Amino acid sequence: MPAESASLPGSVSEPSPPPPDPVEQLYRELEAKIREYRPKDDLAGLEKAFRFARQYHEGQTRDSGEPYMAHPVMVAHILGDMRMDLVAMQTGLLHDVVEDTSATVEQVRKEFGEEVARCVDGVTKLTKLDFFSAEDRQAESFRKMLLAMVEDIRVIMVKLADRMHNMRTLGYLDAERRERIARETIEIYAPIAHRLGMGKVRGELEDLSFQHLEPDAYREILGAIESRRHSNEEFLHEIRQTVEAELRREGIPARIDGRIKRPYSVFQKLRRQKITVDQVYDLMALRIITDSVKSCYAALGVIHNQWRPIPGRIKDFIAIPRPNLYQSLHTSVVGPHGQTFEVQIRTEEMHRIAEEGIAAHWKYKEGRKGPAADDQRMSWLRHLVEWQRDMQDPGEFMSMLKVDLYPEEVYSFTPRGKVIVLPRDATPIDFAFAIHSDVGNTCVGAKVNGRIVPLRSSLRNGDIVEIMTQSGHEPSKDWLAFVKTSKARNKIKHVINASERLKAIEIGQKYLDKEARRLGVQMSKVARSDLESVASEYGYSKMEDLYAALGYGKFSARQVLTKVAPEVVKEEPPEGKPAGAAAEPVPGNASSSSAAAVPGRPLDADAVIKVRGIDDLLVYRAKCCNPIRGEAIVGYVTRGKGVAVHSKLCPNVQSLMYDVERKIEVEWARAAADAFPVRIVIHTDDRPGMLMQLTSVLSGENTNIRSLEAKTEAEQDGGIVEMTVDVRDKKQLEKLVAAMRRISGVRDVERLYN
């Protein structure tokens with residue numbers, strides 16, 4: 001018989017099936033994933049959320065070109081990997097519908113219920129409201145998210161999953177958006193993950209952010225790790241076999257993993273300690289996971305019996321867990337070939353909590369919204385919301401939020417043995433306020449380990465701190481320069497603000513009366529309603545606010561008198577005497593833009609910097625930070641001296657901004673060709689030709705060197721080069737720093753503030 005042909009002449013071939021829908025496929029994989037760990041759950045509500053979101057996102061695409069709906073489904077996949085409940089999963093699918101489509105929270109509430117609507121609202125940024133600036137919008141969006149987190153921790157879990165997928169696909173965005181999102185991730189979201197004990201999530205967010213923020217350093221560190229990977233893995237294999245044999249001999253059950261330190265962790269250590277990769281003790285680590293706390297300590301004894309421990313490198317986080325409930329024993333030892341490595345020892349439960357954090361403790365089957373009210377990982381958030389509720393200034397809110405999210409490092413004790421956990425470099429003042437506000441307010445001195453120390457001293461692990469108080473004593477303004485915690489800062493500012501405001505009101509009234517007499521205005525004939533309308537014009541609801549603003553020097557008394565008695569007082573011409581409370585003529589007042597190059601010297605406001613909306617205030621660049629064109633700047637009104645302009649990164653800004661009323665909006669004026677002197681310090685390897693390479697970078701940019709000092713640092717086996725160079729703007733400085741960091745042997749480059 002003849003073989004059958006596949007298709008006979010004239011026959012109609014079967015239509016080919018439509019190509020599989022990638023988004024639908026992703027969703028089906030999500031359902032399969034959830035059924036593995038929640039086999040009894042009805043997934044009808046999840047599919048409803050998928051269809052609802054898909055309908056509203058129809059036609060939208062991501063920067064990568066894929067359908068937008070792929071993003072919410074991938075967010076739900078990440079939540080599935082965390083083994084979250086269906087409310088969190090529905091929120092993941094719907095998290096962008098209110099923000100990016102015409103759907104409303106009310107619609108979500110009607111279709112999916114109160115819990116899902118509350119979570120979706122919590123993760124929705126405030127983009128549809130009017131704000132003065134992007135900074136205001138960002139600050140208020142974070143406030144909203146923090147408040148929603150207190151109500152339902154699932155809000156931040158969805159937000160972390162959303163941010164993780166966005167970071168994985170960040171390469172499709174333009175450079176400016178990449179940097180903004182990566183910086184926000186490393187400063188806000190990674191620390192939140194750390195606070196919640198989510199080690200895996202934190203690690204991925206940090207490494208992805210680092211890759212985009214410091215691409216050169218990332219490649220260099222990754223190269224250094226990869227070049228050592230083979231020898232390190234061989235070494236860890238040898239060590240692992242030895243440890244397994246010793247633990248077996250002692251009858252300690254254990255499984256052992258080896259790990260190489262993450263790139264961002266290595267980078268942090270290199271920057272902080274100004275060392276090379278070869279000097280990183282814990283580049284390699286062995287993790288021993290055993291069955292009980294007793295076995296953990298027994299295993300530590302086995303390790304120390306086998307290899308010599310490095311003094312000061314033994315940390316017991318089992319006896320004193322970290323605030324995010326992380327528990328483990330850490331020790332660093334010198335291996336058989338003189339190589340140093342770290343050993344971490346923990347139980348299976350401790351390991352699960354270290355990796356997953358708060359996600360390891362879901363109680364949704366019992367109908368709860370998250371961890372118990374007394375969960376230590378959440379207490380920091382409740383305090384954070386309480387301390388920052390009254391913080392009006394968005395810039396201050398964001399900078400203090402970053403401080404509060406900073407991983408805690410210092411474990412200090414009261415004389416009775418209570419543990420007080422504080423951020424790194426915290427002081428006895430922070431310790432005092434951590435105990436109670438009254439203890440902080442009346443603090444006059446401190447003893448650390450039985451010895452009296454200055455209040456600005458940094459506390460170290462294990463310090464026993466005793467606070468000395470005196471009834472009637474009040475906090476000093478100077479404390480703001482060195483306190484580290486929000487609680488201490490806010491309590492100090494509250495006391496200072498009250499007394500400063502009373503002084504400002506009194507000065508403002510006297511200043512207005514004195515100027516009125518000088519200009520021939522009879523204040524007795526000026527109606528209170530006229531003054532109140534002027535106050536309203538300046539944005540103040542009460543006369544006291546107007547007097548306070550005059551006392552702080554935010555504007556001149558003449559400006560007020562021009563409005564209430566225009567027939568007597570004529571508006572002062574712009575080139576007249578600079579205004580300001582009790583402002584005196586300043587010798588050397590500049591009339592040309594050349595003054596810009598001299599830090600601390602008064603400027604012609606039109607030349608380099610101007611006060612937004614006010615033309616006749618004296619403006620000068622602060623000596624402490626000498627801001628350069630292109631940097632974010634902030635003005636601070638100083639009595640009798642005009643407006644001091646600081647870089648927002650200036651270490652003094654936080655201590656100066658204790659009074660929001662003295663803050664004033666400033667901006668860079670028209671472009672000028674002036675150069676700004678900037679001090680930088682370069683930490684390097686000690687090798688010949690380094691100085692020549694550094695100066696050739698400056699020469700290539702046609703940059704003038706004002707001063708240069710180089711010295712060796714025997715302890716770090718390196719050198720330090722400190723120089724003052726002239727730069728035109730922030731972009732040129734960043735270009736110089738990047739070029740210097742690319743030089744082989746340069747460990748770090750920092751800008752110095754006075």
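I take helices (H or I, at least four residues) and strands (E, at least two) as DSSP runs, numbered from the N terminus. I am working on a predicted model, where local features need pLDDT of at least 70, side-chain atom pairs count only at pLDDT 80 or more, and totals for chains, interfaces and linings use all residues. Residues are numbered from 1 along each chain as its sequence is written, and side-chain values use heavy atoms, with hydrogens and water left out.

I looked up R180 and found it in helix 10 (residues 175–195). R180 is exposed, at 51% relative accessible area, where exposed means over 50%, buried under 20% and partly exposed in between (1.4 Å probe, protein chains only). From R180 to L213 I read 9.1 Å, C-alpha to C-alpha, across 33 residues of sequence.

I then searched the whole structure for aromatic pairs and found 12, counting rings of Phe, Tyr and Trp (its six-membered ring) whose centres lie within 6.5 Å, with planes under 30 degrees apart called stacked, over 60 edge-to-face and the rest tilted. The ring centres of W307 and F341 are 5.5 Å apart with planes at 80°, so I noted this pair as edge-to-face. Because W307 sits in the loop between helix 14 (293–306) and strand 3 (308–309) and F341 in strand 6 (residues 340–347), the pair ties together parts 34 residues apart in sequence. W307 is buried at 8% relative accessible area, and F341 is buried at 0%. I also noted a cluster in which ring pairs link F210, Y218, Y264 and F267.

Last, I looked for charges over rings (NZ of Lys or CZ of Arg within 6 Å of the ring centre and within 35 degrees of the ring normal). K48 lies over the face of F112, 5.3 Å from the ring centre, and R322 lies over that of F317, at 4.2 Å.
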